[in-house]
Amino acid sequence: MQTALAPTSAKPSSKAGGVPLRMQLKQAERRRKLNSFALALPLLLFMMIAFILPLGKMMLKAVHDDTLNALMPRTTEALSTWEAEGLPEEHVYAALAADLKQLSEHKSVGKVSLRINYELPGAASRISSTARKVASLSSGPYKGALIEINPIWGGRDIWGVLKRGNADYTGFFLLRSVDLEYSADGSIVATPTEKAIFREVLLRTVGISLGVTAATLVLAFPLAYFLATLRDRSRNLLLIIILVPFWTSVLALTSAWVVVLQDYGVINQVLMTLRIISEPTPLIFNRIGTVLAMTHIQLPFTLLPIFSVMKSISPSYVRAARSLGAGPFYAFWKIYFPLTLPGVAAGCLLTFILCLGYYITPALVGGPRDQMVSNFVALFTNQQLNWGMASALGAILLVMTLIIYLVFNKLLGVNKINMG
Amino acid sequence: MIKSPVLARAVCVIGLASSAVIATLPAYAADKLTVVSWGGAFQEAQRKAFFEPFAKETGTDLTEGEWNGETAKIRAMVETKTVSWDVVVGGAVIQLCAAGILETINWDKLGYDPEKFPAREECAVPASGAAAIIAYDKEKFQDGPTTITDVFDLEKFPGKRGLNKRAYDNLEWALIADGVAPSDVYDVLSTEEGVDRAFAKLDTIKRDVVWWESGAQPAQLLADGQVVMSSAWNGRIYDAVKTSGKPFQIMWDAAIMSYDYYVIPAGAPNIDIAYKFISFALAPERQAHMADLIPYAPSNPDATALVDEKILPYLPTAPENSANSFDRDEEFWADHSDDLEQRFSAWLAQ
């Protein structure tokens, strides 16, 4: 008792128990920080292993591609002196023949032809047939023989690709993801229109996400207001009704929407029975169905942050505003609405970012012109086995999302966002 | 409740110890095998004809899986040396074989004469032959489509069509509808102009196509009325008619025959049992049983004689069905699928 109430002398750091107070404070702070760190450590490790590391690997895969460098070492080495003018020298062709023979023995021709085919569609079959026939060439001169086996070796394009394959890193995938490519002499040009789909797809992804966010906001705001003003019992019941789709699997929800939106599904049957329409309206496999289903699935994500913020707004503010003479709309707009902004911001940001990555719903209820970026990532991963492209698209989506978040942060400030 | 604390503790220790011992007992019981197939009615037929009899006869612990042709999964498994699939039923996978992703088949181990199976590949054993056909709803059309050109005729047969979301089959059909003879299709498709021609023809119906990805979808789309005709695997339509009584009709003109193959991913954990299973599944009576359940042509020529005569008219190899059909050229697609599939997905997105 007495030591605790020791007289405060002029010196601020009074010794109590042999250790100055300032040091005690520092020690206590350090211990607290260590405790918090230890508590958060499992989560940090989990995030590192399950989130940051795979993301890092994916971003790396978007730029790292040593297929050509590793599998055709002689050719890429020999091409380092080629200046992209005319055709390479004889020794390059000799190196190519040697590489192709080795690849044939190790059954790796497929990897090389697939990789080159990404840049030069049509090359795959020609490279495989060359590899099959090159075994019969036992000695030079190789240049004429190879060009005779397949005229592709007489053109500059494939040599440009092979020359660029000399590095372990390539910008090809990232460039293609924004509809650019390397020309034969190494400069960056726009992709021809029949292959240029990604800018449109990226814009489409952002557009659909914005649309769905706006739709959910329009629906969620009044609903949240209504919920916030209800009494507890009815509010809980209504909340459960809203949360049931939240808890249902996305696949089950989307399949249910397929049944509802079909040409002879629930909606069309009802409309036709009521004689409002005579022919089924196409509601599925187009933009309408996609946005509708996504809005339904995303509604709770937007609703809940708004609702939880609204719950904490005291009704006395609006009453005070009214009592001072404000009209009902003025009071709402000037007093109530700004107070709900943190929740609105949280809900909208959450929905928008989730929508950017949507896959199942556009795949099942959307048409071919409603496919978002994720669909192409799946296409490249599963069907075309082009993991470089899939990673590049994923990396671009990630960067886009981060930029949007930073802009959002600048405009509103992270502190202002309140998830409730 | 046990009153004595000592006794209680003893019981706990014995319980924990025995559970630990049981957990570490090696599973001597059964061999294991994982077989992956296409799912739906096809896999159900395989289950009844192959999986269950094999498991019963050999006491193997057979696990089934499903896939939809995502060769990336096999490639990923083999490259990371974590192969969990032993036998995979897939389409022609010549490219995977060339890349060393599949085991080369040792026909001596199978115990069959390879010459009996002309459709065989270096790494693939033919399982059954299916035909890609056009099916339509009899109730929607009094006179349905009779030739493949009718599929591209939106005036005579208005409504949506279902097509496989792949380049193969569709490009061939587009060329045939444009006037190319089936025997010349692959020559024409090997040229730049031929491919342009095929895509131009597909452009004429592009807006009215619903693209399906899994074998079970065409029957569902037809049943829902979402499409009036659809390309499909003949066995799936037969199953829809037989099991669900749907009024579907198959149009056999320009049917494209292709095989399903048994493949073994390189480094599969149970290769010997995989060989045993494939050998089991090639037996004539087993293949005939499978054909009785779903009318896909058995790969073993000895099996055709054993197929139920009521099923014979539904087989894709029946003379009245195969009059205008042709085989898919797997060599062509092994060479060109990379480019054509790329071009197809770009075309689809525009």
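Start by selecting the contact between the two chains: 31 residues of chain B and 33 residues of chain A take part in it. Keep in mind as you look around that this is a predicted model.

Together, chain B and chain A bury about 2900 Å², and 48% of that lies on carbon and sulfur atoms. Now pick out Q226(B), Q342(B) and Q350(B): these glutamines supply 20% of the area that chain B buries against chain A, more than any other three residues.

Next, look for polar links across the contact. You will find 3 residue pairs in polar contact between chain B and chain A, with both partners at pLDDT 80 or more. The count of salt bridges between chain B and chain A is 0.

Switch to a cartoon view of chain B and color the elements that face chain A. α3 (71-79), α4 (94-98), β6 (209-212), α10 (217-224) and α14 (330-349) of chain B each bring at least two residues to the side that touches chain A. Which of them gives the most to this side? Select α14(B), which contributes 10 residues. Coloring by residue class gives another view: the side of chain B that touches chain A has 11 nonpolar, 9 polar and 11 charged residues.

For the last stop, move to chain A and select helix α1 (residues 21-63), where L53(A) is found. L53(A) also belongs to a nonpolar surface patch of about 1200 Å².

Conventions
Residues are numbered from 1 along each chain as its sequence is written. Chains are lettered from A and ligands numbered from 1 in the order in which they are written. This is a predicted model: local features need pLDDT of at least 70, side-chain atom pairs count only at pLDDT 80 or more; totals for chains, interfaces and linings use all residues. Side-chain values use heavy atoms; hydrogens and water are left out. Patches are made of residues with over 30% relative accessible area and no salt bridge: like charges are joined within 9 Å, nonpolar side chains (Val, Leu, Ile, Met, Phe, Trp, Tyr) within 5 Å. Accessible areas come from the Shrake-Rupley method with a 1.4 Å probe; for residues, only the protein chains shown count as cover. A salt bridge is a side-chain nitrogen of Lys or Arg within 4 Å of a carboxyl oxygen of Asp or Glu. Helices (H or I, at least four residues) and strands (E, at least two) are DSSP runs, numbered from the N terminus. Contact means heavy atoms within 4.5 Å. Buried area is the accessible area (1.4 Å probe) that two parts lose on being put together, summed over both. A polar contact is a pair of N or O atoms within 3.5 Å; within protein, one must be able to donate a hydrogen and the other to accept it, and residues adjacent in sequence count only if both atoms are side-chain atoms. Ala, Val, Leu, Ile, Met, Phe, Trp, Tyr, Cys and Pro count as nonpolar, Asp, Glu, Lys and Arg as charged, and the others, Gly among them, as polar.
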